Amino acid sequence: LLLLGRGTAFNSFSALLERPLKEHAFELVKGAHVLKLEWDGAARKAVAAIYHDGASGAQKRIEASAFVV
C-alpha cells in the first residue's frame with residue numbers, strides 16, 4: 001500500500017495510466033515481458049525495447065521516446 005501526502009490510498013492506474021491511455025500517442029502493451037532496453041549513448045536514453053509478446057509468443061522491438069517497465 002502506498003500513500004499520497006493527503007493520506008489516501010495510491011492507485012497506480014488512476015495516478016499513472018488513466019490520463020495517458022486517453023492520449024493517441026500512448027500505447028500500453030499488455031502481456032509484454034521486456035527482455036532488454038536499447039540504449040543510445042549519444043542521446044543518453046533508452047530508444048527501444050525488445051520484449052516477449054505473451055499473446056503471440058514472438059519477440060518484438062518497439063521504439064518510443066519513453067518507457068515504463
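These are my notebook entries on a predicted model of one chain.

**Ground rules**

I number residues from 1 along each chain as its sequence is written, and I work with heavy atoms for side-chain values, leaving out hydrogens and water.

**Entry 1: elements**

I looked up the secondary structure. I take helices (H or I, at least four residues) and strands (E, at least two) as DSSP runs, numbered from the N terminus. The chain has 1 helix and 3 strands. Read from the N terminus, the order is α-β-β-β.

I then checked burial. Buried means under 20% relative accessible area, exposed means over 50%, and partly exposed lies in between (1.4 Å probe, protein chains only). Of the 69 residues, 9% count as buried.

**Entry 2: the sheet**

I traced the strand pairing. I call two strands paired if DSSP finds at least two bridges between them. The 3 strands make an open sheet in the order β1-β2-β3, with antiparallel pairing. β1 (32-40) and β3 (59-63) are the edge strands, and each pairs on one side only. From one strand to the next the twist averages 25 degrees. For that angle, axes are lines fitted to C-alpha atoms (for helices over the stretch in contact), and angles run from 0 to 180 degrees between N-to-C directions.

I looked at each pairing in turn. β1 and β2 (residues 45-53) run antiparallel and are joined by 8 bridges. W39 has A46 in β2 as its bridge partner. β2 and β3 are also antiparallel, over 5 bridges. There, H52 has Q59 in β3 as its bridge partner.

**Entry 3: the two hairpins**

Which residue takes a positive phi in the hairpin of β1 and β2? I found R44, with phi near 55 degrees; this hairpin has 4 residues between the strands. R44 sits in the loop between β1 and β2. I noted the value because most residues other than glycine have a negative phi. R44 is not a glycine, yet its phi is positive. R44 is exposed, at 68% relative accessible area.

The hairpin of β2 and β3 has 5 residues between the strands. In this hairpin G57 takes a positive phi near 80 degrees.

**Entry 4: salt bridges**

I searched for salt bridges (a side-chain nitrogen of Lys or Arg within 4 Å of a carboxyl oxygen of Asp or Glu). The count came to 3.

E38 pairs with R61, the closest N and O atoms being 2.8 Å apart. E38 is partly exposed at 25% relative accessibility. R61 is partly exposed too, at 43%.

R61 also meets E63 in a salt bridge of 2.8 Å, N to O. E63 is exposed, with a relative accessible area of 57%. Through shared partners, E38, R61 and E63 join into one network.

K60 and D53 form another salt bridge, again 2.8 Å from N to O. K60 is partly exposed at 33%.

**Entry 5: D53**

Is D53 buried or exposed? I find D53 buried, with a relative accessible area of 9%. D53 lies in strand β2. I also checked the side chain of D53 for a polar contact (N or O atoms within 3.5 Å; within protein, one able to donate a hydrogen and the other to accept it; residues adjacent in sequence count only if both atoms are side-chain atoms). A polar atom of this side chain lies 2.9 Å from the backbone nitrogen of A55.

**Entry 6: surface patch**

I looked for patches, built from residues with over 30% relative accessible area and no salt bridge; like charges are joined within 9 Å, and nonpolar side chains (Val, Leu, Ile, Met, Phe, Trp, Tyr) within 5 Å. V34, L37 and V69 make a nonpolar patch of about 280 Å². Accessible areas come from the Shrake-Rupley method with a 1.4 Å probe; for residues, only the protein chains shown count as cover. L37 belongs to strand β1. L37 is partly exposed, at 41%.

**Entry 7: after β3**

I ended at A64, in the segment after β3. A64 is partly exposed, with a relative accessible area of 31%. A64 and E27 are 37 residues apart along the chain, and their C-alpha atoms are separated by 9.7 Å.

Key: This is a predicted model: local features need pLDDT of at least 70, side-chain atom pairs count only at pLDDT 80 or more; totals for chains, interfaces and linings use all residues.
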